[in-house]
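Good morning, and thank you for coming.

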Amino acid sequence: MTVGAEKQASDAAWEFRTRHHLGVQPLGDLVELIERTTCADVAVLDPDDGEHGLTMRDPVGGAVFIGIARSRNPMRQRSTLGHELGHLIFEDWANETEYGARSPEEIRADAFARHLLIPVVGVREFLGEGRPATETDLSALVQRFRVSPQIAAIALYDGGYIDEDTKATWMRCSTPQLATRHGWTDHYASLQDDSDRLRAPQSLVARAVTGYAEGVVTAQTLATLRGVPLETMLAELDAAGVRPSQLEPADTEELPDLDVDLSDLEDEGASS
């Protein structure tokens, strides 16, 4: 990637954090963050083609949809979410909706995700300055910012904590290895469970629940949207006090009398 593209990605990531008052702290639920701060609907899906993520934009209405694969690798899923957000920020619509090739736009989106998820200034605030980093520091960064060891190693190198050789060595680490060595296996397992769940777009579900309460959307439609059994959906709605309103039938006696002239229809029937 060119120096200009790297800086473009870094500047865009910092501008996103600044505009949404995110500071330099670790980002929480990226699905919720992207839906709250952009126009996109975001869903965690169960694709059968090995795709990690894609971004689609309706060229007519402008609606944007981001789909992410559920995964037992929570760090990669977060990188993919950041990557797709990068496409949205840079409006990488072009003529394609899927991004499989490593085009300049793909590489720039990767850099955007890296700078967004673990800003170097956030690393400095967490570790302090004036000392080389240890593997314990690497593990702490991976756990705190929920990024891969590869991304954390690059941030440590960019921050001046490690040299090229150490970066290359640490980039070969895996998150499960660090979690086991440094005692946060249970935390990693909970992150895996969370990233392995299907999720429907929150705003879409909210609109559907409103429609259910107004009696125009069925519980089965909601269950299908959520990907849960109908019984589960009905139990959730009942527990939340959401029940469909009963539409009152119109009083036909209050309707005005209509005087309809059907003579033309009778004439057509007689001539055929």
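Let me begin with a definition. A crossing of two helices is called left-handed if the near helix is turned anticlockwise from the far one by less than a right angle, and right-handed if it is turned clockwise. Please note also that what you see is a predicted model.

With that term in hand, consider helices H3 and H4. Is their crossing left-handed or right-handed? The crossing of H3 and H4 is right-handed. The two axes come within 7 Å and cross at roughly 115 degrees. The residues that meet there include Arg78, Gly82, Leu85 and Phe90 in H3, and Glu105, Ala109, Phe112 and Leu116 in H4.

I turn next to helix H1, which covers residues 3-19. From the first C-alpha to the last, the 17 residues of H1 reach 24 Å, close to the 24 Å expected at 1.5 Å a residue. Which residues of H1 are buried? They are Ala5, Ala9, Ala12, Ala13, Phe16 and Arg17. These residues lie on the same side of H1, because they cover an arc of only 135 degrees around the axis. An α-helix has 3.6 residues a turn, so residues three or four places apart point the same way. Against what do the buried residues of H1 pack? Their partners are helix H2 (30-37), helix H3 (74-90) and helix H4 (104-117). Val3, Gly4 and Lys7, on the other side of H1, are exposed. After H1 comes histidine 21, with a positive phi near 55 degrees.

Now to the sheet. Three strands make up an open sheet with mixed pairing, in the order S1-S3-S2. Strand S1 (40-45) and strand S2 (53-57) stand at the edges with a single partner strand each, so one side of each has no neighbour in the sheet. On average, and with direction ignored, neighbouring strands of this sheet are turned by 15 degrees against each other.

Let us take the two pairings separately. S1 and strand S3 (residues 64-69) run parallel and are joined by six bridges; leucine 45 stands opposite alanine 69 in S3. H3 packs on the sheet and touches S1, S2 and S3, its direction making about 160 degrees with that of S3.

S2 and S3, by contrast, pair in the antiparallel sense over five bridges, and glycine 53 has isoleucine 68 in S3 as its bridge partner. These two strands form a hairpin with six residues between them. In the turn, glycine 62 has a positive phi of about 85 degrees.

Key: Residues are numbered from 1 along each chain as its sequence is written. This is a predicted model: local features need pLDDT of at least 70, side-chain atom pairs count only at pLDDT 80 or more; totals for chains, interfaces and linings use all residues. Side-chain values use heavy atoms; hydrogens and water are left out. Helices (H or I, at least four residues) and strands (E, at least two) are DSSP runs, numbered from the N terminus. The expected span of a helix is 1.5 Å times one less than its number of residues. Buried means under 20% relative accessible area, exposed over 50%, partly exposed in between (1.4 Å probe, protein chains only). The arc is that of the directions from the helix axis to the C-beta atoms. Contact means heavy atoms within 4.5 Å. Two strands pair if DSSP finds at least two bridges between them. Axes are lines fitted to C-alpha atoms, for helices over the stretch in contact, and angles run from 0 to 180 degrees between N-to-C directions.
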